Amino acid sequence: MNMDDKKISIVVSVYNEEKVLNKFLEAFENMKMDIVWNYELIFVDDGSYDNSLSILYEASKKEKNIKVISFSRNFGHEAAMIAGIDYSTGDGIICMDADLQHPLECIPKIIKKFEDGYEIVNMVRVSNESAGVIKNITSSIFYKVVNILSSETSFEENVSDFFAVSSRVADILKKNYREKSRFLRGYVQSVGFNKTSLEYKALERAGGTSHYSFKKLVKFSISTIICFSDFPLKLGVYTGLLSAVIGVIMLFYTILTYKNAPSGYATIVTLICFLFSVLFIIIGIIGEYLAVLFSEVKDRPIYIIDKKINME
């Protein structure tokens, strides 16, 4: 196929980004001449309640290559990216955010990687100007913990929701990876194929604030671990063995010191508190896995589309 006949699909998730969308569109207009393939720019509005959809509607009227998918309500960032991939028609698909932290200047470099034969391009964040020290440290810890617990694959650290896949990989994501509890960048790293990485510096947000609260990040971290690891479910076995060892030690200690043994009240209370704490933690972990199973059994849609603009 001639390179002039190839198309790149650029999927941009949007949630209350009225302060940055015009800047994004202007920046894209200034750099689109560097895109050597044909392109489609797919905005997925994730139930925004500001003027984001109106801005996208006006932009789509001016240019047919700008396409818009609007959800009936907020379904989350991952659902928005999945929807964009589902409706993409390009030979390569790039997923990115609208806040300009993911540099548009990387798009030609990604296309070059596709031309070199790669099917997955992971964008590795080397620095984040808008993140504090604590967020950078917790992000690093997150990947280390996931890699330790994961039974399926090893994840490259500091990869982000800025990534690119070929149409062949996209077809797999469209047909097979349809879990309700998702970690899309993890799926991309676990499917295999010929992949490479590009480094980038995450810039300051062009406007607005991050929509990821601490509560959402904790929830996202838990669902990620559940998606790729069954290790937490085995904690019951390990803690049971540990408790048995402690019990044997306490037994020998009692036998050897029975003449001078204390009343034992404090020891008993401490052991009971410890064992009940372990028990409730394990029950909570099992509950998290059951919640995921319950969500899968209900089989509700990942997203619901309200409007589609310029979509053939």
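Q: In this predicted model, what makes Tyr49 count as exposed?
A: Tyr49 has a relative accessible area of 67%. The cut-off for exposed is over 50%, so Tyr49 is placed in that class.

Q: How many aromatic pairs does a search of the whole structure find?
A: The search finds 7 aromatic pairs. One of them joins Tyr15 and Tyr49, with ring centres 6.3 Å apart and planes at 85°.

Q: Why is the pair of Tyr15 and Tyr49 called edge-to-face?
A: Two values decide it. The centres are 6.3 Å apart, and rings pair if their centres lie within 6.5 Å. The planes stand at 85°, and planes over 60 degrees apart count as edge-to-face. The pair is therefore edge-to-face.

Q: Which parts of the chain does the pair of Tyr15 and Tyr49 tie together?
A: Tyr15 lies in the loop between β1 (7–14) and α1 (21–31). Tyr49 lies in the loop between β2 (38–45) and α2 (52–62). The pair therefore ties together parts that are 34 residues apart in sequence.

Q: What makes the pair of Phe71 and Tyr303 stacked or edge-to-face?
A: Their ring centres are 5.3 Å apart and their planes meet at 10°. Planes under 30 degrees apart count as stacked, so the pair of Phe71 and Tyr303 is stacked.

Q: Where do Phe71 and Tyr303 lie, and how many residues apart in sequence are the parts they tie together?
A: Phe71 belongs to strand β3 (residues 66–71), whereas Tyr303 is in the loop between α10 (265–298) and β8 (305–309). The parts tied together by this pair are 232 residues apart in sequence. Both residues are buried. Together with Phe75 they form one aromatic cluster.

Q: How do you know that Arg73 lies over the face of Phe75?
A: Arg73 is at 3.9 Å from the ring centre of Phe75. The distance limit for a charge over a ring is within 6 Å, and Arg73 is listed as lying over the face of Phe75.

Q: Which residues touch the most other members of the largest nonpolar core?
A: They are Ile8, Ile10, Val12, Phe28, Phe43, Ile107 and Ile110, out of 37 residues in this core. Helix α1 gives the largest share of the core, 5 residues. A second, separate core has 27 residues, including Phe71, Cys95, Val169 and Ala170.

Q: Which residues does Ile8 touch, not counting residues up to four places away in sequence?
A: Among them are Ile35, Trp37, Tyr39, Ile93, Ile94, Ile111 and Phe114.

Q: Which residues of α4 are buried, and what puts them on the same side of α4?
A: The buried residues are Ile107, Ile110, Ile111 and Phe114. They cover an arc of only 100° around the axis, and therefore sit on the same side of α4. Just after α4, Gly117 takes a positive phi of about 105°.

Q: Why does Leu100 count as buried?
A: Its relative accessibility is 17%, and buried means under 20%, so Leu100 counts as buried. Leu100 is found in the loop between β4 (92–97) and α4 (107–115). Its phi is near 70°, a positive value in a residue other than glycine.

Q: What makes Asn310 partly exposed?
A: Asn310 has a relative accessible area of 21%.

Terms used: Residues are numbered from 1 along each chain as its sequence is written. This is a predicted model: local features need pLDDT of at least 70, side-chain atom pairs count only at pLDDT 80 or more; totals for chains, interfaces and linings use all residues. Side-chain values use heavy atoms; hydrogens and water are left out. Rings of Phe, Tyr and Trp (its six-membered ring) pair if their centres lie within 6.5 Å; planes under 30 degrees apart count as stacked, over 60 as edge-to-face and the rest as tilted. Helices (H or I, at least four residues) and strands (E, at least two) are DSSP runs, numbered from the N terminus. Buried means under 20% relative accessible area, exposed over 50%, partly exposed in between (1.4 Å probe, protein chains only). A charge sits over a ring if NZ of Lys or CZ of Arg is within 6 Å of the ring centre and within 35 degrees of the ring normal. A nonpolar core is a set of buried Ala, Val, Leu, Ile, Met, Phe, Trp, Tyr and Cys residues joined through side-chain atoms within 4.5 Å. Contact means heavy atoms within 4.5 Å. The arc is that of the directions from the helix axis to the C-beta atoms.
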